[in-house]
Each structure stands twice: as C-alpha cells, then as structure tokens.
Amino acid sequence: MKNRAYKARILLVEDDQDLADLLIKFLQEDYDVIHLINPYDALDFIGLDDVNIILLDLSLPQMDGLVLCQKISKISKAKILISSARSAIDDKLHAFKYGAQDYLAKPYDPRELQVRIELLLNKDTRLNKDENLYLDNDALSVSYKDEQISLSTAEFEIFSQLFRHEGQILSREQLANAMDAHSLDSSLDSISVLIGRLRKKMKVLCEGADCIKTIRLSGYKYESI
C-alpha cells in the first residue's frame, strides 16, 4: 500500500457484522474506516462529515442499497463503491445509473477491494472546479497547468488536507492531528510557518493566485483557483 499524506475516510455501510469486522481489520491501517448499518444513520453521517469513499452493501435493513446509493449521490461527492452479493446485471446497471463509480460482487478478496479503493482515490486528486491543478501523492508534488513544484512531506500533508476539504476552515489543531510528519509535541506555531512557506510556493506556481486563505482566529481554508 502506498504511503499517503493523510488517511482517506471510508464509510462502510454493511449489515453483515462478520464481514464488516474483516474489512475494518484489513483497511484500518491505511484508512479511517467508519462502519454503520442503518441507511438513515449513513445519510445523517454523510451530511455532517467529509467522506472520500462509501463502501455500500445493497441488501440493507429499512432501505434498499440502490435507493440509498441514489440518495447519497445527490448530497455527496464521495466515490461510491458497491459491495454486494447481488451480481445481476440489472443491479449493476442501476447502481451505475444512480451514481456508483464501481461495483464489486461478493465474495471477493479484500486485496482487490483495496486496489479498487486506491484507484477511486487516485481519480479524486483533480479538483472539480479547476482541472488544471493536480496532486501527486507519490512524488509529493503539485502541478498547475504545465508547471510543477515539489513540497516537503509536511507541506504536502497540509495541502492535501486543505485540498480535500475545499472551502472548509481547518484549525491548526486539526491540521496537526491529521499529519504524520508533524510532531504533536512541537508548537502549533510551526503549522503557521509551514502554511507561510506553502502559500509562497503556491503563489509562484499558480501565477500569483492566493488559494490558501487565513481565517483570523479560526484557521485556514483552500479555495480553488
């Protein structure tokens, strides 16, 4: 598994507890995995929290998974990966019609699931509002149009967090807690120093545009160029 600068969040909506336990054990080292059984709880969670991938079973209590898939796609930009024993072509076609990006029929090897998750996350590294800006997780670099800059591990981790939470204000504490390269024992002032360095680099890359905003007494946020 590739070393990510952040832990992407996966919402697992699955009513088979044994399978859920197996998947959580397999995925939790690389991802922040949240498990819910009730479809309505899942909708509430998605409305309140940022999620990157939704791993969705179709045979759920209280609401069919296809209905839930359609509802999710209307309120979230998260990638939907169907995980279901239902392998009929009609179920697959309806899932894609209702907003799913991938479909994995049970039973499957968790290693295949991991690869599919990784592919969906890699597809998610381009901003919807500005198709000229890319993040390269492997090279720790950011590209804008035909130019590229390299970042330190800590700078890349910060930018990844801001990028993933576009338009949301993140405090220094939130940024520090999400970073692997930053020691929580050190002063939070170092986050401000890293933001300053990152802002200068991004201004040079993005032709003077200031995409990292400081929100006084609150934190920082990313705004697309």
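Helix 1 spans residues 17-27 of this predicted model, and Leu19, Ala20, Leu23, Ile24 and Leu27 in helix 1 are buried. Buried means under 20% relative accessible area, exposed means over 50%, and partly exposed lies in between (1.4 Å probe, protein chains only).

Residues are numbered from 1 along each chain as its sequence is written. Because the model is predicted, local features need pLDDT of at least 70 and side-chain atom pairs count only at pLDDT 80 or more, while totals for chains, interfaces and linings use all residues; side-chain values use heavy atoms, with hydrogens and water left out.

**Helix 1**

- Helices (H or I, at least four residues) and strands (E, at least two) are DSSP runs, numbered from the N terminus.
- Asp18 and Lys25 are exposed residues on the face of helix 1 turned away from its buried side.
- The N-terminal end of helix 1 is capped by Asp16, which has a side-chain oxygen 3.1 Å from the backbone nitrogen of Asp18.

**Strand 1 and its partners**

- Strand 1 (residues 9-13) is mostly covered, with 4 of its 5 residues buried.
- Strand 1 runs parallel to strand 2 (residues 32-36), and 5 bridges join them. Two strands pair if DSSP finds at least two bridges between them.
- Ile10 has Val33 in strand 2 as its bridge partner.
- From strand 1 the chain crosses through helix 1 to strand 2, in a β-α-β crossover that is right-handed. A crossover is right-handed if, with the strands pointing away from the viewer, the path from the first strand over the helix to the second runs clockwise.
- Strand 1 also pairs with strand 3 in the parallel sense, over 4 bridges. Here Leu11 stands opposite Ile54 in strand 3.
- Arg9 is placed in strand 1 and is partly exposed, at a relative accessible area of 21%.
- The C-alpha atoms of Arg9 and Asp50 are separated by 7.6 Å, although the two residues are 41 residues apart along the chain.

**Salt bridges**

- The structure holds 12 salt bridges. A salt bridge is a side-chain nitrogen of Lys or Arg within 4 Å of a carboxyl oxygen of Asp or Glu.
- One of them joins the side chains of Arg86 and Asp64 (2.8 Å, N to O). Arg86 lies in the loop between strand 4 (79-84) and helix 4 (89-97), and Asp64 in the loop between strand 3 (53-56) and helix 3 (65-75), so the pair ties together parts that are 22 residues apart in sequence.
- Asp64 is partly exposed, with a relative accessible area of 31%.
- Arg116 and Asp102 form a salt bridge whose closest N and O atoms are 2.9 Å apart. This pair links distant parts of the chain, with Arg116 in helix 5 (residues 110-123) and Asp102 in strand 5 (residues 102-105), 14 residues apart.
- Arg116 counts as partly exposed at 21% relative accessibility, whereas Asp102 is buried at 15%.
- The side chain of Arg116 also meets that of Glu112 in a salt bridge (2.6 Å, N to O). Both residues lie in helix 5, 4 residues apart, or about one turn of the helix.
- Glu112 counts as partly exposed, at 34% relative accessibility.
- A network of salt bridges links Glu14, Asp57 and Lys106.

**A loop serine**

- Ser76 sits in the loop between helix 3 and strand 4 and counts as buried, at 18% relative accessibility.
- The side chain of Ser76 reaches the backbone nitrogen of Ala78 at 3.0 Å.

- In the order 6-7-8, 3 strands form an open sheet with antiparallel pairing.
- Strand 6 (133-136) and strand 8 (147-150) are the edge strands, and each pairs on one side only.
- From one strand to the next, the twist averages 20°. Axes are lines fitted to C-alpha atoms, for helices over the stretch in contact, and angles run from 0 to 180 degrees between N-to-C directions.
- Strand 6 and strand 7 (residues 141-144) run antiparallel and are joined by 4 bridges. Leu133 stands opposite Tyr144 in strand 7.

Terms used
A polar contact is a pair of N or O atoms within 3.5 Å; within protein, one must be able to donate a hydrogen and the other to accept it, and residues adjacent in sequence count only if both atoms are side-chain atoms.
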